[in-house]
Amino acid sequence: MNIEEIVRTSMDQLARELQPTVPNPAAVRARVNRSRRARSIAVVGLAAAAAAAVVFGVSDLRDHSSGAGPTHSVELGESADAVWMMDGVLHIGDQAYPQDKEIVTALVPTKNGAVYGAPGGQIVYQPADGPAQVISTDGDANPPGGPTPVGPAADPDSDLVAILRWSTADGRYDLYIYDPARGRQLGTGMPLGDDTWDLPGDPNPFGGDLLAPIYWVGPNDGEYTVLIRNRQQLWGKYAKGDGSASGLPLGKAPLDATLDVLADVDADGTLTFTTLDRKPLSSVDDVEPDGGLSHDGVYFAGLSADPEHSGAVAIVDTNTGDVRYIDPPEGTVPMFPSWSRGHTLMFRAPLLESAPSGLVVACDADSLACVNVAEVDDINQTVLPRI
Amino acid sequence: MVSRRQDEQFDAFMTASWPSLYRTAVLMTGDTHLAEDLLQNAMGKVYKSWHRVSQVEHPRSYARAILANEVATWWRRRSSSELPVETWPEPTSAVGLDDQVVNADLMWEALSTLPARQRAVVVLRYYEDLSGAEIARVLDISEGAVKTHAHRALRALETALTTGAGNERGPQA
């Protein structure tokens, strides 16, 4: 690994360890507005401006951001496909499952539960109807000093889980597929060909991102299809139950991928949707590329960048490019839209008057109907799912 | 005059972009409270120009540039009392550069020894993933200067990381 990659990866790691608390934007606005008013009356008395600086000083903003919890009532509801986590408790639908393990990587819904990455390279599976279990492996769980597993990715239609683990024996990543609901590992570690990872001048195939490179697609005619993205390319990997694997490069790495649809974004911010073999489907402007594709690729979600729909979540039909919008609950702004099972979209909605308190919202992308599944004191502590 | 609708747009923008800009600010300054203060100042300036920013420019890029200027201003203010680092600490432990992620404290220490402009270039290049031309615009320096700062910073970081640093620490809180 060269020094550039070390610096890039290490700074990403340092940044991830920081836990910012978002101050109340209204306080920033008030500070500016008070300053404007103070300047306007400065000819009358300089004391007014000085008072404004004291009243709306920076330390005052911190106090706002760490204030008490919400004081108003919010109507809460249930969504059977809402999966999220907070304070060591995993929520699936209306059920709560306290966890022994800390979540350190992605939280991913499966058909009958959810999986997430825990310290030490462990992958935990929480079924809806039983105790949590650590998915075992006969590969290198997490070699000392070695890279952590990549993923997990899971199939919300079948309960299967895919993980990339580093093999010290091979000196490369192997693909593992599990059926945690049946307590089975499907095949042993399947080595991914050197050509998948060894790119000239690119010793770190994932660019420091240990979550995004793997898109689990699921079983397909007796094989298990996993799309894997390294820094430069997208690979289709077709793993078989006998432990063998084959793959082929699918071209330039996209923003997001499913078996049917690829999403990409250009320098101007235009989102483009194509088939897996890059045949154009549609494109849209004015949608931030932060939510990604639903598991089946039918929808893409992101925050609206359209001034006419500012502060809304945009739902794009990838086949037609039609965009519909979900307005967040009153007094909130949407953050980090992400997909759960099916067409259930989730996002955080900090309350502007009492941030960091906020709402966890789940919406049906077909009907655009939304429910607030929880109101929490610190929205930054919530973990939403990642398909 | 900023309308109520524009206020709501600004609130949405600030809430969404604060976490990533905060991380950039901490990496550039090494101090969480200072980073928060400078970012709040930057957000105030973004709000002052919001009627224009929200219509004609990419708000996050604009905010990042304002933040970089805030950081640069802070550097200039403290420069009269700051002594440049001229020697590296004695090696205490060997660090293999084939490690995927170096020790976090060691990286903080290495970053803290860089001159301000070099540190800004490194953060913008390797954390924000900006091109040389983009960094040049943000910091208002030439593209050649960006390359020079980046080259010197990488050499300095490589030296610091391979020899280890004696006084490892995280960001000041």
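Two residues count as being in contact if their C-beta atoms, placed from the backbone, lie within 7 Å. With that in hand, let's look at how the two chains meet: 39 residues of chain B are in contact with 36 residues of chain A. Keep in mind that this is a predicted model, where local features need pLDDT of at least 70, side-chain atom pairs count only at pLDDT 80 or more, and totals for chains, interfaces and linings use all residues. Residues are numbered from 1 along each chain as its sequence is written, while chains are lettered from A and ligands numbered from 1 in the order in which they are written.

So who does the touching? On chain B's side, helices 1 (4–29), 2 (32–48), 5 (104–112), 6 (116–126) and 8 (143–163) each supply at least two residues. (Helices are DSSP runs of H or I with at least four residues, strands are runs of E with at least two, and both are numbered from the N terminus.) The largest share, 15 residues, comes from helix 1 of chain B. Sort that side of chain B by type and you get 24 nonpolar, six polar and nine charged residues. Here Ala, Val, Leu, Ile, Met, Phe, Trp, Tyr, Cys and Pro count as nonpolar, Asp, Glu, Lys and Arg as charged, and the others, Gly among them, as polar.

Now zoom in on one meeting point. Helix 1 of chain A (residues 3–17) packs against helix 5 of chain B at an angle of about 105°, with the axes 10 Å apart. Axes are lines fitted to C-alpha atoms, for helices over the stretch in contact, and angles run from 0 to 180 degrees between N-to-C directions. These two helices are therefore roughly perpendicular to each other, a label for angles of 65 to 115 degrees (under 35 is roughly parallel, over 145 roughly antiparallel, and the rest oblique). Ser10(A), Gln13(A), Leu14(A) and Glu17(A) meet Ala104(B), Met107(B) and Trp108(B) here.

Chain B as a whole has eight helices and zero strands. Buried residues make up 42% of its 173 residues; a residue is buried if 20 or more other C-beta atoms lie within 10 Å of its own, exposed if 12 or fewer, and partly exposed in between, with C-beta atoms placed from the backbone.

Chain A, on the other hand, has an open antiparallel sheet of four strands in the order 16-17-18-19. Strands pair if DSSP finds at least two bridges between them.
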